[in-house]
Amino acid sequence: MKRIIYPIFVLLMLALNIVLFFHYHQYKNKVSSYLQTAQKETEKNLTIKDNIEASILCNSTVLGQITYKDINNNNYNLSNLLEAKTNKFFICRFSEFDCEVCIKHAIETLKNNAEKIEGNNIIFLCSFKNNEMLSKMIDHYQLSTYMVFNTDSTITPIDDWRKPYYFVLDSNSTISDIMIPGKNHNKFIEMYFNNIRDKHFTN
């Protein structure tokens, strides 16, 4: 009798372990999914908060004298560039110290929406230690057809946030429509670019 009971007991324990293992993995997957959703919602809320604060700090402010260099190390003043153009510029602002994933997202998002603004209205205004690093960045993100400039000037108070951001700059050096492009705000970003096109870049 013992010889029969023991194998049955072992089989029952094995079956119980399999069931428990299956339920544990189901629970683990549910917890992981919940945490991922919660993290995305937190990131969304933080981005909304950042954008509200950025708008308050920066929109309608006038930039001072901003000097910058092109890839050939020629020096320019932003006001001279604005004087030579009656239209507005769409600026993508970031530095080498910003989150790399965020830089990639900001650049790729803008390139995907470039037809709404037209490439000759877009400026990538960067802060890199030297033009060699700037050149590598241009090659990496394939930005050779855009205006890309390097500056050591502080552009807005949110430069210290270490997050890429967009804004529109008019011929009076006035900032408007500033936005930090969040990674989980695709619908909001689409609305933003459609609005930018209709407000500023529709002839």
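1. Let's start with Asn131. Not counting residues up to four places away in sequence, Asn131 touches Asp70, Ile71, Asn72, Asn73 and Asn150. You'll find Asn131 in helix H4. Is Asn131 buried or exposed? Its relative accessible area is 15%, and buried means under 20%, so Asn131 is buried. Keep in mind as you read on that this is a predicted model.

2. Next, have a look at Ser127, which sits in strand E4. Ser127 has 14% relative accessibility, so Ser127 counts as buried too. Which residues does Ser127 contact, if we leave aside its neighbours within four places in sequence? They are Arg93, Phe94, Ser95, Glu96, Asn150, Thr151 and Ser153.

3. Now for the nonpolar residues. The largest nonpolar core has 28 residues, and those with the most contacts inside it are Phe90, Phe124 and Met137. Where do the pieces come from? At least two residues of this core are supplied by each of strand E3 (89-95), helix H3 (100-112), strand E4 (122-127), helix H4 (131-141), strand E6 (165-169) and helix H5 (186-200). There is also a second, separate core of 21 residues, with Leu81, Ile155, Leu169 and Ile180 among them.

4. If you set aside neighbours within four places in sequence, Met137 is in contact with Phe94, Ile107, Cys126, Phe128, Leu143 and Val148. Two of those names, Phe94 and Phe128, come back in the next point.

5. On to the rings: the count comes to eleven aromatic pairs. One of them is Phe94 with Phe128, an edge-to-face pair at 6.2 Å centre to centre, with 90 degrees between the planes. Phe94 belongs to strand E3 and Phe128 to the loop between E4 and H4, so this pair ties together parts that are 34 residues apart in sequence. Phe94 counts as buried because its relative accessibility is 2%. Phe128 is buried as well, with a relative accessible area of 13%.

6. Compare that with Tyr166 and Tyr192, whose rings form a stacked pair, 6.3 Å centre to centre with 20 degrees between the planes. Here too distant parts of the chain are linked: Tyr166 is in strand E6, Tyr192 is in helix H5, and they are 26 residues apart. Both Tyr166 and Tyr192 are buried. They also belong to one aromatic cluster, together with Phe90 and Phe193. Phe90 was mentioned above, as one of the residues with the most contacts inside the largest nonpolar core.

7. Last stop: strands E6 and E7. How do they pair? E6 and E7 run in the antiparallel sense, over three bridges. Leu169, listed above in the second core, has Ile175 in E7 as its bridge partner. The two strands form a hairpin with five residues between them, and Ser173 in the turn has a positive phi of about 65 degrees. As for E7 itself (residues 175-179), this strand is mostly covered, with four of its five residues buried.

Notes:
Residues are numbered from 1 along each chain as its sequence is written. This is a predicted model: local features need pLDDT of at least 70, side-chain atom pairs count only at pLDDT 80 or more; totals for chains, interfaces and linings use all residues. Side-chain values use heavy atoms; hydrogens and water are left out. A nonpolar core is a set of buried Ala, Val, Leu, Ile, Met, Phe, Trp, Tyr and Cys residues joined through side-chain atoms within 4.5 Å. Buried means under 20% relative accessible area, exposed over 50%, partly exposed in between (1.4 Å probe, protein chains only). Contact means heavy atoms within 4.5 Å. Two strands pair if DSSP finds at least two bridges between them. Rings of Phe, Tyr and Trp (its six-membered ring) pair if their centres lie within 6.5 Å; planes under 30 degrees apart count as stacked, over 60 as edge-to-face and the rest as tilted.
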